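Have the model open while you read.

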Amino acid sequence: MSPTELYSLYRQHPAGITTDSRQCAEGSIFLALKGGNFNGNDYAAQALEKGCALAIVDEARVIPTGDSSRYILVDDCLQTLKDIAREHRRQFNIPVLAITGTNGKTTTKELVKAVLSKKFNVLATEGNLNNDVGVPKTLLRLTGEHEIAVIEMGASHPGDIKTLAETAEPTCGIITNVGRAHLQGFGSFKGVIKTKGELYDFLRTRQDGLVFINADDDILVDMLSDELWCTPYSTDPEKQYTCISAEAVPATGSPLLKLRWRKPLADLEESGESQKWHKVQTNLVGSYNIYNVLAAVAVGINFGVDRKAICSAIEDYQPTNSRSQLIDTARNRLIVDAYNANPTSMMAALENFCNTESEGKKKMLILGDMRELGDASQEEHQKIVDVIAQTDIADVWLVGDEFGKTNSTFRHFPNVEAVKELLKSSTPEGRLILIKGSNGTRLYELPALL
């Protein structure tokens, strides 16, 4: 079947598509995806028994002889999911904003969603379902009630963003930044740049393609071209061409980001209102989050969201899932950024932590391995250790095999279980603690014990 025919079949089954044989709504279509530890083809018959009307498979061996009427054989089930999702997306003439980047894409997505929701009915990626399965599933949630879509796109290999962009067909986009992450999959930092730039490449194919860009990021600026419309944002007041500018405001006694922003270029229709400073107190830890906030502001302004509503949305946003969270416990104050880590985000977190007022609390670091760095792993972990050695933070716990290979005098734990075991008998008190590491190190389990 062609993508158009498959989509027509999808429209005939309002219960939608399921890829989980344990969740089979009556009359739905089961689509057999494959993973590292499972093969959906093996569960097609079970899905049909549980209520699915049809099963889309890509292995002929699972189709019963003489009873194939409820089976559809395709070349590749994952590609079929993307094809159906793309056809569905084409039914809606609405703005689709794609967000990718090494760091901050989920936080930026959530801030953008919060801002746009002040004016529009927004479809947005849930959690971090930003891969070649999550993006199509998000697109299939589009309904006639949605006025704009915000789609997060992740990548770990060359071509990933190209594929996702061709599926979602965004009208505008944001690359938050490009850093040293997933080097094992990309092969090099140049590979990271090229892959993230695939979003710009797609937007160049559209006459109305628009980019929201951090004008302070030289890498992103170099990736841009005159072929793209852009809305620049910056923290540099000398860059008069920027559409949105901001600066951090010192927040004495709190590590939470406080800032003020404005449109530096006068808008005659607004009688100078555009040049007024708008102050925002966020619930985000880290000055590096100013660019995530600025991106959301730029998007809001572009789509006509009221300035007060923009500020209100950002101030009300509460980070979750161990991303830039400030947590006060009975014993300590924690800065928890343990959902992910790479050399770029780790360095930014360390710099911010060193500049954070401790309010009399002794500073402490609990850092976990940075995953998927390939041959660069030992060098990158050693750089982190060397930076810490130059600070006055003496209480440092390093967790994981990669940190264990570094030349360091800091305390080392093989895994999070070893840390948890120590905390049963000896718990730090009166500390300001930064907890950061890749999700696989499971440092997010520690706040409840501290």
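Predicted model: local features only at pLDDT ≥ 70, side-chain atom pairs only at ≥ 80, totals over all residues.

Buried here means under 20% relative accessible area, exposed means over 50%, and partly exposed is in between, with a 1.4 Å probe and protein chains only. Residues are numbered from 1 along each chain as its sequence is written, and side-chain values use heavy atoms, leaving out hydrogens and water.

The structure holds 27 salt bridges, each a side-chain nitrogen of Lys or Arg within 4 Å of a carboxyl oxygen of Asp or Glu. Here are some of them:

| Arginine 333 | Aspartate 328 | 2.8 Å |

Arginine 431 is buried at 17%. It lies in strand 21 (residues 431-436) and aspartate 395 in strand 19 (residues 395-399), so the pair ties together parts 36 residues apart in sequence; strands are DSSP runs of E, at least two residues, and helices runs of H or I, at least four, numbered from the N terminus. Arginine 333 is buried at 15%, while aspartate 328 is partly exposed at 48%. Lysine 424 is exposed at 67%, and glutamate 421 is partly exposed at 49%.

As for the helices, helix 4 (residues 105-116) and helix 11 (residues 290-302) have axes that come within 8 Å and cross at roughly 35°; axes are lines fitted to C-alpha atoms over the stretch in contact, with angles from 0 to 180 degrees between N-to-C directions.
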